[in-house]
Amino acid sequence: MSLAAEAFVSQIAAAEPWPENATLYQPLREDQILLSDCASSLAVQAYLRMCNLPVHVSCRSNAEYMSPSGKVPFVHVGNQVVSELGPIVQFTKAKGHSLSDGLDDVQRAEMKAYMELVNNMLLTAEISRPRYSSPYSWPLNQILAYQKQWEVRRKMNAIGWAGKSLEQVYEDVSQCCQALSQRLGTQPYFFNKQPTELDALVFGHLFTILTTRLTSDELGEKIKSYSNLLAFCRRIEQSYFEDSQAGSSSRGYSKGPSLF
Amino acid sequence: MAAPSQMATSQLYCWEGDWDLPSVDNECLIVLAYAKFAGAPLKLHKIGNPWRSPTGSLPALKTRKNGSLSQPSDIIIHLRKQKYNADFDLSAKEEADTLAFISLLEEKLMPALVYTRWIDPKNYVEVTRRWHAKHAPFPLNFFLPGSIQRQQLERLRLVRGDEELTAGEELELYCDFFFGDSPSPLDSFVFGYLHLKSLDNLSHFCSNILALYFPSEGREGFSRKVSSQPEGGDADNEPGKRRKQLLSVLVALGAMLSYALLTGIVAIQHVKQEDVGCKDEDRTPVA
């Protein structure tokens, strides 16, 4: 978002508190959702739970088209629609909920850097694993699938990943996990003892890779070799997603795959 | 264990330098800076025509055994494998931070720089396009800048970052050479992206690196602006200029000759052919 648009949205956002009926939209879990979209959606859910903000998850087949930026997930809060983790974090900050207030400037810079690292490596690794089927009937499902594939391939070309072999992608993921593991060390979360948006983002991606059934488990194995990352994912799942399993079904997070 | 003699035959192709910099392109600067930091002996080719590079794009590293490499990260990995390493002294955490900050730079700063150089209309027309048209050979100079601009526009549209220099402000917190006194791969990346002098802290960083590792470039750049004959290095400019001069002389001669043939001298040739049969005839041309 440009600076002016951001300022405008912040002003409007600050006017109202977080409503009870906020909804998060994502594509259908079984058929449609891409690995990267699933990870982004989980990251946003984790972040909102960490902020203690209630949100209802709704799966729609046309979520991509409903979104203002074309990217999923997006949240519908009051009379505003905000998509992607970055803008959602800004939006909640404007409403007075923030996880990174306690960080000093150096740590904030590091947090931004690590978030970019995750986006760069893990997101694009997820994109390179093709998995897109469609809930629509023939021929629309074929057309949409090809369109999606073509779009992804163009993006990969633009960022220079087109020539990468599968081995190199795994190598990059491994490097990224090593960096994350080093940074996490023995701490419970990446910064002090409180989770931040970086924790939400990392959790979203790692959890998705670990629990989604792919043609090969190589990506998952790479992550499992770092025990502190595995423990980190379990910890966040236990602290923020466990209570909803036993709770009422008004919380949209239905019992999906788990690490246990 | 690679012997240094193996590296000596590796050749690095880069965009030429200008405006006190060893190269005008970000990615070439990254690779050059890393090679200097690590002390890798490379044969340097500074060219203005990307078609002359082994991979068709710049920067490109032509190795003896592994073919040609194009991406800056691939080139740096290759240099590391050859034991030319600038990051021995980094702790594990610093290495992890390096990776993270490189991603930050590529995600946030790179689009801003691409925009400034290639998309902003005033800059593009006055600076970038002019420079590339001047340094590319005929007839490439007509369509090369446009084609590179289209590529960069596409790339920017797909990656798309809107926040201009907020990433630079984050980095401002780390002074001098980020991790200790000896430079590292992160420093080469940062140098590559920050030659636009926008923040004091960071511009000191750049001038430090330029002064310490590229002392000759400043003087070379200056002399190139002043004198017409470039000195030292691979003088790829000169054959280009000679060729252009030769070509223009030939074209002029051809034009004059054909004009003369069409108007005047054709008559002389007719007379000469009739005279071939009788050699003793008077051969003065009837002009």
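Thr23(A) has His76(A) as its bridge partner in β3(A). This pair belongs to a predicted model. Strand β1 (residues 23-26) of chain A runs antiparallel to strand β3 (residues 74-77) of chain A, and three bridges join them.

Both strands are part of an open sheet of four strands in chain A, ordered β2-β1-β3-β4, with mixed pairing. At its edges are β2 (56-59) and β4 (80-83) of chain A, each of which pairs on one side only. On average, and with direction ignored, neighbouring strands of this sheet are turned by 25° against each other.

| Helix (chain A) | Strands (chain A) | Angle |
|---|---|---|
| α2 (residues 35-50) | packs on the sheet, touching β1, β2 and β3 | about 165° with β1(A) |
| α4 (residues 85-94) | lies across β3 and β4 | about 135° to β4(A) |

A further helix of chain A, α10 (residues 227-246), contains Leu229(A). Is Leu229(A) buried or exposed? Leu229(A) is buried, because its relative accessible area is 0%. Leaving aside residues up to four places away in sequence, Leu229(A) touches Cys177(A), Leu180(A), Ser181(A), Leu184(A) and Leu206(A). Between Leu229(A) and Phe203(A) the C-alpha to C-alpha distance is 8.9 Å, with 26 residues separating them in sequence.

Confidence is given per chain and per stretch. Chain A has a mean pLDDT of 79, and 81% of its residues reach 70 or more. Over residues 245-256 of chain A the pLDDT is below 50, and this stretch has 14 contacts in the model beyond near neighbours in sequence.

Key: Residues numbered from 1 in each chain as written. Chains lettered and ligands numbered in written order. Predicted model: local features only at pLDDT ≥ 70, side-chain atom pairs only at ≥ 80, totals over all residues. Heavy atoms only, no water. Helix = DSSP H or I, 4+ residues; strand = E, 2+ residues; numbered from the N terminus. Buried < 20%, exposed > 50% of the residue type's maximum accessible area, 1.4 Å probe, protein only. Contact = heavy atoms within 4.5 Å. pLDDT = per-residue confidence, 0-100. Pairing = 2+ DSSP bridges. Axes fitted to C-alpha atoms, helices over the stretch in contact; angles between N-to-C directions.
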